[in-house]
Amino acid sequence: MGCLMTHKPYPRYKKSGIEWVGKVPEHWESKPLKRIGQIKYGIGEPPQYQLEGTPLIRATNVHEGKLIEDGMVFVNHEDITKNRIFWLQVGDIIIVRSGAYTGDSARIPNGYRKSIAGFDMILRCYKDDSKFVQYALLSKYLKQDQIDLEKLRAAQPHLNAEELGSCLFIAPPLSEQLSITSFLDRETSRIDTLISEKERLISLLQEYRQALISHAVTKGLDPKVKMKDSGVEWLGNVPEHWIVASLRHVLLNIFNGLTSTQIDESENTVPVTRIETISSGIIDEGSLGFIKIEEAKEEKRLLVGDILFSNINSLNMIGNCAIYLSGREIYAGMNLLVLRPNLSTVDKKWFYWLIRSNLFRQKVESLAKPAINQASISQSSLVSIKVPIPPLSEQLAISSFLDRETSHLDTLISESRTFIDLLKEYRSSLITAAVTGKIDVRGFSPVGSERESAHE
């Protein structure tokens, strides 16, 4: 990642006239985006979607300069008023005009099928290289310092053609645009490959982490131990000396949280849990809610070792859980069950790892009853699930092993995510440096004779 250091600056610079950009190469110019091409709107409200037909590109198909085909929908263009259709061409750039991803953009790549845009805007370049313009739209000087400021002027993120067109674009001569885009194509491709490799590593580490947990809580740590048929399909064989019993066998109590309306924190409030509180597997004290102190009930106060469990949620969120360990005064809030293990016979961390295992979660999901927008599992169904119960000494050994091993894996995952963040930051800095002339890449020649450009 040393390209910013190895490339020299241009020999002569001038003031760009754009405060946040500073100086640009002497022979470059600045102009509003509306002067480099045509800005059009998509069709707006589309006709009914169908299984095939004309691809309709939506904001969900636009991601950081790339067109994503996953989730692509299709329409019959005959159902659209003819004067509303603006057929997309290779090199056209889609710019998201509203919602969380306002200002994000993607260029129609070479060989893409004839398609139309939905609610978003299309920028069709006249003479400038559309790939260079796309990189500029991803750069800090244009995306963060101009477009993001424009989109926040409304109550909700929004961008119109006038606001987009007023953003200033720094334009080198066309020959330099081609050199810069070829350079960025190569360098960002290398960075993207590294990011993909790290993302794959994270996925493998997460899979291994889950497999490690599930194996430890159902098979134990001794590979030579004699096994027996558990009599439970989802468990298979378990160590011969382990007990197999329903979950209620290890519980002291199970109960729902308080249903009081949550309010802002004040002197007369106490913290309560929310769905967001359990997203990381431990109680996230930064996402607690609050209720009036007089509405708190002592029997709903959490004890160390309690497991907060999501039993009513979307199906892929059923089974989310977190363990309470801090000892801070916190009460169980609505939409979460509290599973309180009998700590006289059960190790709290072993119990946590059991509930958090993929095998247990899959069993919960199989028993959950789907409904509109959510699913649920009853207390009676939950506590009836058969689980393997090792002797307390083995529970302690398993929890210690998993604490140690998952901590190591979590460190590797965290380091990989940090590296990905650094790569993305470097990618963004490299793009900005190249499209604003902070580095001179004119010596970089495009490979091959064919070149995608605004003239395609």
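Cysteine 321 is buried, with a relative accessibility of 2%, where buried denotes under 20% relative accessible area, exposed over 50% and partly exposed the range in between (1.4 Å probe, protein chains only). The model is a predicted one, in which local features need pLDDT of at least 70 and side-chain atom pairs count only at pLDDT 80 or more, whereas totals for chains, interfaces and linings use all residues. Residues are numbered from 1 along each chain as its sequence is written, and side-chain values use heavy atoms, with hydrogens and water left out.

Cysteine 125 is likewise buried, at 8% relative accessible area. Its sulfur lies 14 Å from the closest cysteine sulfur, that of cysteine 167, and is therefore too far away for a bond. With a disulfide defined as a pair of cysteine sulfur atoms within 2.5 Å, the count is zero.

Four strands form an open sheet in the order E4-E12-E9-E10, with antiparallel pairing. Helices (H or I, at least four residues) and strands (E, at least two) are DSSP runs numbered from the N terminus, and two strands pair if DSSP finds at least two bridges between them. Strands E4 (37-41) and E10 (105-107) are the edge strands, each pairing on one side only. From one strand to the next, the twist averages 20°, with axes fitted as lines to C-alpha atoms (for helices over the stretch in contact) and angles running from 0 to 180 degrees between N-to-C directions.

Helix H2 (residues 130-138) packs on the sheet, touching E9, E10 and strand E12 (121-125), contact being heavy atoms within 4.5 Å. The direction of H2 makes about 165° with that of E10. Strand E9 (residues 93-95) is joined to E10 by three bridges, and the two run antiparallel; isoleucine 95 has serine 105 in E10 as its bridge partner.
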